[in-house]
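My notes are below, in the order I went.

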Amino acid sequence: MTEAAGSGAEQDLESQFEATIGRDQRIEPRDWMPEGYRRTLIRQVAQHAHSEIIGMQPEGEWITRAPSLRRKAILLAKVQDEAGHGLYLYSAAETLGADRADLTERLIEGRQKYSSIFNYPTLSFADVGVIGWFVDGAAICNQVPLCRSSYGPYARAMVRICKEESFHQRQGYELLMTMMRGTDEQREMVQDAVDRWWWPSLMMFGPPDGDSPNSAQSMAWKIKRHSNDELRQRFVDMTVPQAARLGVTLPDPELRWNEERGHHDFGTPDWSELKAVISGDGPCNTERVARRRAAHEEGAWVRAAASAHAAKQAARAREEAVA
Ligand code: BYC
C-alpha cells in the first residue's frame, strides 16, 4: 500500500486508487495504479491466457477421433472458443503494458505458469465430456466472480468468456448423458474419466487458503472476490447433485452433506501432487510446453509475413499522406 509513498502527489494518486476500489468502481488502463497491482494482474491474466491456449491441447487431440460429425463440429467450436479466450486475455494483459510476444516467450521457456489441470492426459472420448463438465464447471465458479474484478478490461473479457464456458459445460454434460444412456462399456468410460479428473479439478482452485500467498492482497484489491477454498466448496456443492443425476460416483469416500454447515464435506486433495504439477512435474507438462513451442516456431513465417504486410501498408499510407 505504500509503494507510492514518495511525493504528496503520488500519495494523492494512491488515495484516489484506494477510493475507487473502495467504491467498487473499475480501474481502467489509463488510471494510475500501484506497481504491485499492475504486476499481480499481469501475472494472473497472463497465466489465465496461457491456460486457455495450452488448454486447447488435451481436447484438441480428440478432434480427429471424434465419434461423429456432430461431435467433431461441437469439439472444434469449443477448442476455437478457447483460442478466442486466450486472445481476449492477452489483449487485457497488453492494456497493462505487457508485451504479448514476451509473455509467449515466458510460457515456452517455463518462466510463467498455466493451470495445472492441463497437464493430465485425455485417454478416451469420455474425457472430453468430463473436461466440459468439471473443468469448464470449475472455470465458471472461479470466473463468474472475476466479471466483477476491479480491473475493467479483465472484468469485461470475463463476461463473454463465462457465457461461452457455460455452453462448454452443458455440451460436456450432454455428451456424458448420451454416453450414460449407451452401453456398459460407455458407462465405464465415463466413470473412469470421472475418477481421473475429479481431484485434479479440485486443485484448479489453487492451494488451500492458509497456503495461498497471493490471496490476501488480491482480495484487498478486489482482483479476486472469493478465496480459493470458498470457490472450491461452491464447485463441490454444485457438482454433487449433477453427478447423482448422471449416475456416476465421485471418487471421495468422505463426501457427504453437512446439514449444520449447509455444504458438502469432502476429502483433502493431494496438495503435494498440485505442487509437483505446478513446478513442471505433472504427467504431461513436458509435452504440453513442447507442443506450444513447436506451434510458435511453425508460426514464425505467419508473424514475419504479417509484419512485412503491416510495414508495406504503413509505407503506402506515408506516401499517400505526402502526395
Ligand atoms: N495451476 O497464491 P495463490 C479454463 C499458482 S482455463 C497452476 O493461490 P492466486 C479452460 C499461482 O499462480 C482456467 N498454478 O495464487 C481452458 C501462484 O503462483 P505465482 C484457468 C497455480 O493467483 C481451456 C501460486 O500457485 N483459470 O478455464 O491468488 C479449456 C500460489 O497460489 C494453480 C484461471 O487462470 C493451479 N491450479 O490464485 C477448459 C483463473 N493454483 O504466480 C477450461 C484466474 C495456484 O505466485 N486465476 N497456482 O508464481 C485465478 O483465479 C487465480 O490465479 C488462481 C490462483 C485461483 C488460479
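What follows is my notebook, starting with the ground rules.

**Ground rules.** I'm working with a predicted model, where local features need pLDDT of at least 70, side-chain atom pairs count only at pLDDT 80 or more, and totals for chains, interfaces and linings use all residues. Residues are numbered from 1 along each chain as its sequence is written, and side-chain values use heavy atoms, with hydrogens and water left out.

**Terms.** I take helices as DSSP runs (H or I, at least four residues), numbered from the N terminus. Axes are lines fitted to C-alpha atoms over the stretch in contact, and angles run from 0 to 180 degrees between N-to-C directions.

**H4 and H6.** I looked up H4 (residues 69–94) against H6 (residues 125–143) and got an angle of about 40°, with the axes 12 Å apart. For contacts (heavy atoms within 4.5 Å), I listed Arg71, Leu75 and Lys78 in H4 against Phe125, Val128, Ile131, Gly132 and Asp136 in H6. By class, I have four nonpolar, one polar and three charged residues here; Gly counts as polar, and Asp, Glu, Lys and Arg as charged.

**H2 and H7.** Next came H2 (residues 35–54) and H7 (residues 152–180), at about 25° with axes 13 Å apart. That makes H2 roughly parallel to H7. H2 also passes H7 in a left-handed crossing. I noted Leu41, Gln44, Val45, His48 and Glu52 in H2 meeting Tyr154, Met158, Ile161 and Glu165 in H7. This contact has five nonpolar, two polar and two charged residues.

**H12 and H13.** The axes of H12 (residues 285–298) and H13 (residues 300–322) come within 4 Å and cross at roughly 40°, so I filed the two as oblique to each other. His296, Glu297 and Glu298 in H12 meet Ala300, Trp301 and Arg303 in H13. I sorted those into two nonpolar, one polar and three charged.

**Ligand.** Which residues are closest to the ligand? I got Arg43, Gln47, Lys113, Ser212 and Lys224, out of 34 residues that surround the ligand (a heavy atom within 4 Å). Then I checked polar contacts (N or O pairs within 3.5 Å). A ligand oxygen is 2.7 Å from a side-chain N or O atom of Gln47. For Lys224, a polar side-chain atom lies 2.7 Å from a ligand oxygen. With Gln143, the side-chain N or O atom is 3.5 Å from an oxygen of the ligand.

Methods. A polar contact is a pair of N or O atoms within 3.5 Å; within protein, one must be able to donate a hydrogen and the other to accept it, and residues adjacent in sequence count only if both atoms are side-chain atoms. Angles under 35 degrees count as roughly parallel, over 145 as roughly antiparallel, 65 to 115 as roughly perpendicular and the rest as oblique. A crossing is left-handed if the near helix is turned anticlockwise from the far one by less than a right angle, and right-handed if clockwise.
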